[in-house]
Amino acid sequence: MKTLTVLLVSCALSALFSSAASLLEGLYCGRESCYDVLQVDKDVTAAEMRRAYRHLALEYHPDKNKAEGSRERFQLISTTYEILKDEEERANYDYMFENPEQVYRHYYHYDHRRGTSQVDIRVVVGVAISVISLVQYLDWWHSYNTAITAALSECQDIVVRLRSWQWRRGC
C-alpha cells in the first residue's frame, strides 16, 4: 500500500513537472536555457555576457551565415540577450528555473514585462490632455472662422442690396 502511494505521488509530480515544462515552451528561450544559448555561466557579468552575445551574433548573423537555421538561431540569441541584459527580467528568469512548479506566476511576469509599456504614466496622461486640448482648440477656431465668414457674407449681401436699391431710386 505504501509503495502504491509513493508511486501515485511520483506519477502526479512527474505529470505536474512535465506539464510545467510543456507550458514553458513559449516563455523566454523555450526549452533551452538562456545561459546555454549564450554559452555562459549563470553568474556571468554584464561585460562577459555582452562579449558572448557579440561573438555569437557575428557567427550566426543571417548576412554572414547563409546556413539553414542560422536566422532562427540568430533570433534566439538576440532574444536571449534581451532577456539576460535586463536585471529584473533576468531575476524573473532565474526564479522560473528555481521554482518550476509556479507556472502561472511565470506566465504572468513574462506577459507583464512584454505587454506593459515602460513609459511613465504621467507622460502619457500629459500628452493625451495636450492632444485633446489641441483638437478642442482647432474645433473652436474652425467654428469661429465659419461664423465670421457667414456673418461677413451676410453683410456683403445687405450692402449689395442697399446699393442696388439706391441705384434704382437714382440716389
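I take the expected span of a helix as 1.5 Å times one less than its number of residues. With that in hand I looked at helix α7 (residues 121–169), which has 49 residues and reaches 72 Å from its first C-alpha to its last, close to the 72 Å expected at 1.5 Å a residue.

Ground rules next. The model is predicted, so I keep local features to pLDDT of at least 70 and side-chain atom pairs to pLDDT 80 or more, while totals for chains, interfaces and linings use all residues. I number residues from 1 along each chain as its sequence is written, and side-chain values use heavy atoms, with hydrogens and water left out.

**Overall make-up.** I looked up the secondary structure and got seven helices and zero strands, in the order α-α-α-α-α-α-α from the N terminus. Helices here are DSSP runs (H or I, at least four residues) and strands are E runs of at least two, numbered from the N terminus.

**Burial and surface.** I call a residue buried under 20% relative accessible area, exposed over 50% and partly exposed in between (1.4 Å probe, protein chains only). Of the 171 residues, 23% count as buried. The accessible surface (Shrake-Rupley, 1.4 Å probe; for residues, only the protein chains shown count as cover) comes to about 13,000 Å², and 60% of that belongs to carbon and sulfur atoms.

**Contacts.** For me a contact is heavy atoms within 4.5 Å. Among contacts with a separation of 6 or more, residues 24 or more positions apart account for 60%.

**Core.** A nonpolar core is a set of buried Ala, Val, Leu, Ile, Met, Phe, Trp, Tyr and Cys residues joined through side-chain atoms within 4.5 Å. The largest one has 23 residues, and those with the most contacts inside it are Tyr-28, Cys-34, Leu-38, Ile-83, Leu-84 and Tyr-93. I see two or more residues coming from each of α2 (34–38), α3, α4 (70–85) and α5 (87–98). The biggest giver is α4, with six residues.

**Leu-38 and beyond.** Leaving out residues up to four places away in sequence, I find Leu-38 touching Met-49, Ala-52, Tyr-53, Leu-56, Ile-77, Thr-80, Tyr-81 and Leu-84. I also checked His-55, in helix α3 (residues 46–60): its C-alpha is 9.3 Å from that of Leu-38, at 17 residues apart in sequence. His-55 counts as exposed because its relative accessibility is 52%.

**Gln-39.** With a relative accessible area of 58%, Gln-39 is exposed.
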